[in-house]
Amino acid sequence: MAANARLDHRNPLVFDTHELGRRPGALQRLTREIDAPRDLGIEGVVGVPEGAPVELELRLESVMDGVLVTGTARAQAKGECVRCLEPVGLEVDADFQEMFSYPDADDRGRPKAEPADDAEDDEDTLFVEDGLFDLEPVLRDAVVLALPMQPVCQEDCPGLCSECGARLADDPDHQHDAVDIRWAALQGLSGSLESDEKDKISGAEAGVDEKQEK
């Protein structure tokens with residue numbers, strides 16, 4: 001997040017650190033339930049539905065160069081089994097720890113006299129802005145890491161039948177008679193020969209009947 005970003009204190013994922021001040025060692029514990037933001041999870045695989053409750057337990061600690069945030073997010077995620085495509089529900093328990101730096105402090109936590117003209121903000125650095133910080137990017141990363149990349153409805157899910165798509169867990173004895181394509185060709189040839197023999201026999205019998213009639 002850019003150091004000059006303006007945060008909205010009404011956003012449930014924006015937290016106020018004014019109570020901590022800049023007193024190294026000061027602690028604050030917070031508990032908050034929020035509605036899950038959009039796209040919280042692994043897109044198209046599994047995630048926490050937008051608007052679903054997310055419980056946050058946070059520990060804010062003031063340090064020399066910012067605020068160290070340690071916490072846990074708990075929620076219910078939904079997805080689809082990668083083997084049988086059935087709906088999957090699972091609990092998410094994501095732990096995280098992140099440093100939110102004061103934009104006007106150097107690496108030793110001392111106020112900067114004048115920022116260098118050629119200094120560039122580290123894109124990976126998160127900041128405290130006007131005493132506020134936004135937890136959303138940290139929450140997203142933590143939830144993604146806590147979710148399975150390939151969710152399954154059960155560890156031993158057998159998946160779907162490759163021939164007809166039936167769910168094998170519903171019918172453990174499900175199977176198809178396997179026919180070797182080489183034998184299938186011979187069976188077709190055999191059927192053709194049998195038809196020819198029957199035609200010959202029928203023709204011979206017809207000839208005998210004609211002779212008897214004469």
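Is Leu168 buried, partly exposed or exposed, and what is its relative accessible area? In this predicted model, Leu168 is partly exposed, because its relative accessible area is 22% and the cut-off for buried is under 20%. The residue lies in the loop between H1 and helix H2 (181-213). Beyond the residues up to four places away in sequence, Leu168 touches Pro158, Gly159, Leu160, Cys161 and His174. Cys84 lies 84 residues away from Leu168 along the chain. The C-alpha atoms of the two residues are separated by 8.2 Å.

Gln28 is buried, with a relative accessible area of 11%. Neighbours within four places in sequence aside, Gln28 is in contact with Asp16, Glu19, Leu20, Leu58, Arg59 and Leu60.

The nonpolar core was examined next. In soluble globular proteins, nonpolar side chains tend to be buried together. Here the largest nonpolar core has 40 residues. Val48, Val54, Leu56, Val69 and Leu135 have the most contacts inside this core. Two or more core residues come from each of strand E3 (40-42), strand E4 (46-48), strand E5 (53-63), strand E6 (66-80), strand E7 (87-101) and helix H1 (136-146). E7 gives the largest share, six residues.

Leu135 is one of the core residues with the most contacts. Its partners, leaving aside neighbours within four places in sequence, are Leu13, Phe15, Leu56, Leu58, Val69, Phe96 and Phe100. Leu58 is also in contact with Gln28.

Key
Residues numbered from 1 in each chain as written. Predicted model: local features only at pLDDT ≥ 70, side-chain atom pairs only at ≥ 80, totals over all residues. Heavy atoms only, no water. Core = buried A, V, L, I, M, F, W, Y, C linked by side-chain atoms within 4.5 Å. Buried < 20%, exposed > 50% of the residue type's maximum accessible area, 1.4 Å probe, protein only. Helix = DSSP H or I, 4+ residues; strand = E, 2+ residues; numbered from the N terminus. Contact = heavy atoms within 4.5 Å.
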